[in-house]
Amino acid sequence: MPVHSRWTSSIRSFGSGSLPKTLAEKILSRVAARDAKVGDLVIVPVSRVMVHDSVVDAVIAGLRDLGKERVWDTTKVAVFVDHAAPAPTPVVADSHRVLREWVRTQGIATFYDAGEGVCHQIMVEEGYCEPGTVIVGSDSHSNSYGAVGAFGAGMGATDIAVALALGRTWLRVPESIKVTFTGRPRKGVTMKDAIMRVVREIGTDGARYACVEFHGAGSLPQGDRITLAGMTTEMGAKAGIVVATPEAPDWLFPDHGAAYANEVTVDLSTLEPQIAVPPRVDQVVDVSEAVGQPVDVVFLGSCTNGRLVDMRQAAAVLRGRRISPEVRLEVVPSSRRQFEDAMADGTLLSLSAAGAVIGSSGCGPCLGRTGGVLAGQEVCLSTANRNYRGRMGSADASIFIGSPYVAAVAALTGVIDDPRPYLEATDAEFDDLVARRRAERAGRGAASVRSGDRARELMVAAARSGVAAEIDD
Amino acid sequence: MSRAWVFGDDLDTDQIVPGRYAPFMVGQDKFHIYAFCDARPGFAKEVRPGDVLVGGENFGCGSSREYAVAALAKHGIGGIVAKSFARIFFRNCINLGIPVLESEDAVTVVRDGDAVMLDLAAGLLRAPGGDARLRPLAPFAQEILAAGGVVAYLREHGDFPSVE
C-alpha cells in the first residue's frame, strides 16, 4: 500500500514586503519581474522550449491553428527524435519525416535525430538548461532540468505550441515541498532508491501542482541529480529543483525561513534498496519484501537510469558472468555521450558479454513503443520511472522498478533480490547465491543459447588491450 | 441529460489512451477509438457527446500526452468532474476546451451510468442521487474555456487573459 506522509502546516500568510522565498518563488519572481508568491498566476518568458517526436504533429498543428508560421526564436528551441527511435513503423517514420521537414523550414539548429539520446539527458548534459530560468518541454519528465537549477515543467502539445509562438507561458506559483537527504548511502544503494523512498512517502499525487526542492543533493554527480529531479513527476510535481548545484548562480538559493507545504527527510545511511510494485509508482517496498519475485525481462535505461554510472553499476555485478539464459536484458544508454563513454571503458563490452542486448540511445522500451516491448503475463524489472498498466507494451504485463544494481541481479538470477550480498561476496559465494535463486525460478521462459559464449575471453582481450581491466562502480 | 462515466483515483493517461495507440503510432484520425480500451472496454462505442467523466483524486496523472485529452474532446466529452486533477492533464483540458471541475462529493454521489446534468452556471453536477457541488474555476481558466480553448482565445485576443 502507498504510504502517504502527513502534511505539516500548509498555510502561509503573506503580508506586505518580501517574505522569505522558496527556490520556485525566487525563480518565478525573477523571470516574471514581480514579487511572485504561492498561488499567484504569472506569465513568464521561457529560456528554451523542448519538443520531441511523439507530439510534434500536434505541436505543428497547434502553431498553425494559432496562425503562427514561425517559432518566436529559433535559437531557443530544441527538438529531439527519441520517443520511438529509430522509427519502428511506417506511421512513425512518416511522422519523423514531417518533423525533420519542420525543423529545416523553421531553421532550428538544435536538432538531435534518432540515436542521439533521450531529450532530457541531452538537454542537461549539453548545457541547454540555464539555471534559474523557466524551461517548458513537451514531455512530463521535463522536471529533469531542475538537476541544474532550472524550473523545468512538462506540458501538453498545445501549451508547447503556445510557448513556441509567444516565448512565454503561464504558471501558478507552486507551493514547495522540502526534501532533505542526510548521510551517505551504503554500497549497493543508489539515489534511485532514495527518490523511490521519497515517492513512497509523498505518493503519486502528494506533490501535485507543487515544486519539490531537494536539499543535501547539490554536490551529487549530475546524473544522480537528473534521477531525483526527473522522478518528481511521479509525485505530480510541477517542477523538481536541486538546491546548491555547481551550475547555480549565486542568487539561486531558497531563503532561510521559506515556508514549505510539507517536509520529508531521508537518511541515506539506513536506506534499503527500494522496489516499486506494479501498477503504482508509489507502491514502494524495501527489496526484502520483493525477494524471489520472478522476472522475464530486465530493462536498464531511460532518462532516470541510462547513464554511464548506471551501466557501470550493472557491470559491477555482471562482469565476467552471464545473465540467466531464460531472461532478456536490454540496455539502452540515455545518450550517445553515455553510450560512447560506456564503450570506451569496456562497460558495454562487459554487459554484451553477459548477454545484454544494447539498444541505440533513446527512450527505448520505457514507454512501450520500440525496443523490447512486453507480452501479456511477462514480468519486467525496469530501471525507468513508471510501472502503470500497459506502459511498456501489453496491459497484462507487470513492471517492477528498481535500481541498476537490482536490475543486474534480476538479470543474473531471474528473480528480484537484494544486490548487496552479491557486491560483497567471494566468487564462490556469489555463484552459490546465483544458483540458489535460479533454482527458485523454474518453469518460465526458455533457455536461450548465447551466440558464442565468449564472456571470459572477451574480458581477457579487453584487459589486454588496456580497456577497463577493472571497473570501479 | 448525459451519461456519467465514473472512475476511481489516479486514473492515468495510459488508461485513457494507451501509449501504443498514440496518434503517433496509429495516425491522427484513429487514436480516439482506443479511449479506455483497456480500462473500460466498450467506452468508445457507447460514449455520446456531452457525457461527463467523474473521478476521484489525481485524475489524468502520468504523461503529458495531450492526445488523451484530444481523444476525449473528439468524443465530445462535456466535462470532467473529479476530486483533484493532475496538473498537465488539467492544463490540457483547459487548452482544448473541456471544462474540468473539482468536486469533493461527485465521485460518491454519482453512480456509473447515471443520467446527469453538468450545470456550470449553478456550479453543480445534478445526479439522481443528489447534486454535487463544483469548485469554481479561476477567471483566467474560465475565459479560456469560454473561448473554446487557448488557441481560439489567442487567435481572438492575441495574448493570454490577464492574471491580475
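Among contacts in chain A between residues at least 6 apart in sequence, what percentage join residues at least 24 apart? The share is 78%, where two residues are in contact if their C-beta atoms, placed from the backbone, lie within 7 Å. In chain B, residues 24 or more positions apart make up 63% of the contacts with a separation of 6 or more.

Some notes on reading what follows. This is a predicted model, in which local features need pLDDT of at least 70, side-chain atom pairs count only at pLDDT 80 or more, and totals for chains, interfaces and linings use all residues. Residues are numbered from 1 along each chain as its sequence is written, while chains are lettered from A and ligands numbered from 1 in the order in which they are written.

**The two chains**

Helices (H or I, at least four residues) and strands (E, at least two) are DSSP runs, numbered from the N terminus. A residue is buried if 20 or more other C-beta atoms lie within 10 Å of its own, exposed if 12 or fewer, and partly exposed in between, with C-beta atoms placed from the backbone.

| Chain | Secondary structure | C-alpha box | Buried residues |
|---|---|---|---|
| Chain A | 15 helices, 18 strands | roughly 70 × 50 × 45 Å | 60% of 473 residues |
| Chain B | eight helices, seven strands | roughly 45 × 40 × 25 Å | 54% of 164 residues |

For chain B, with 164 residues, the radius of gyration is 15 Å, in agreement with a globule value near 15 Å.

**Where the chains meet**

The two chains touch: 41 residues of chain A are in contact with 38 residues of chain B. On the chain A side, the elements giving two or more residues are strand 1 (41-45), helix 2 (56-65), helix 3 (90-106) and helix 5 (157-166). That side of chain A divides into 17 nonpolar, 14 polar and ten charged residues. Here Ala, Val, Leu, Ile, Met, Phe, Trp, Tyr, Cys and Pro count as nonpolar, Asp, Glu, Lys and Arg as charged, and the others, Gly among them, as polar.

Helix 5 of chain A is largely enclosed by the rest of the structure, because nine of its ten residues are buried. Among the buried residues of helix 5 are A:Ala157, A:Asp159 and A:Leu164. After helix 5 of chain A comes A:Gly167, with a positive phi near 75°.

Chain A is divided into domain 1 (23-268) and domain 2 (274-464), with bounds from an automatic or database domain assignment. Their C-alpha centres lie 27 Å apart. The contact takes 35 residues from domain 1 of chain A and 34 residues from domain 2 of chain A. On the domain 1 side, helix 4 (119-125), helix 6 (191-202) and helix 7 (222-230) of chain A each give two or more residues. Helix 6 of chain A provides the largest share, six residues.

Which residues touch the most other members of the largest nonpolar core? They are A:Leu28, A:Val298, A:Cys380 and B:Val54, in a core of 206 residues. Both domains of chain A give residues to this core, so the core lies between them. A nonpolar core is a set of buried Ala, Val, Leu, Ile, Met, Phe, Trp, Tyr and Cys residues joined through C-beta atoms within 7 Å. Leaving out residues up to four places away in sequence, A:Leu28 touches A:Ala36, A:Val42, A:Val44, A:Phe151, A:Leu171 and A:Val173.

**A covered strand**

A:Val298 sits in strand 14 of chain A, where both faces are covered: A:Val297, A:Phe299 and A:Gly301 are buried on one side, and A:Val298 and A:Leu300 on the other. Strand 14 of chain A pairs in the parallel sense with strand 15 (residues 328-332) over five bridges and with strand 17 over three bridges; two strands pair if DSSP finds at least two bridges between them. A:Gly301 has A:Val332 as its bridge partner in strand 15, and A:Phe299 stands opposite A:Ser382 in strand 17.

Definitions and conventions: Rg over C-alpha atoms; globule rule 2.2 N^0.38 Å.
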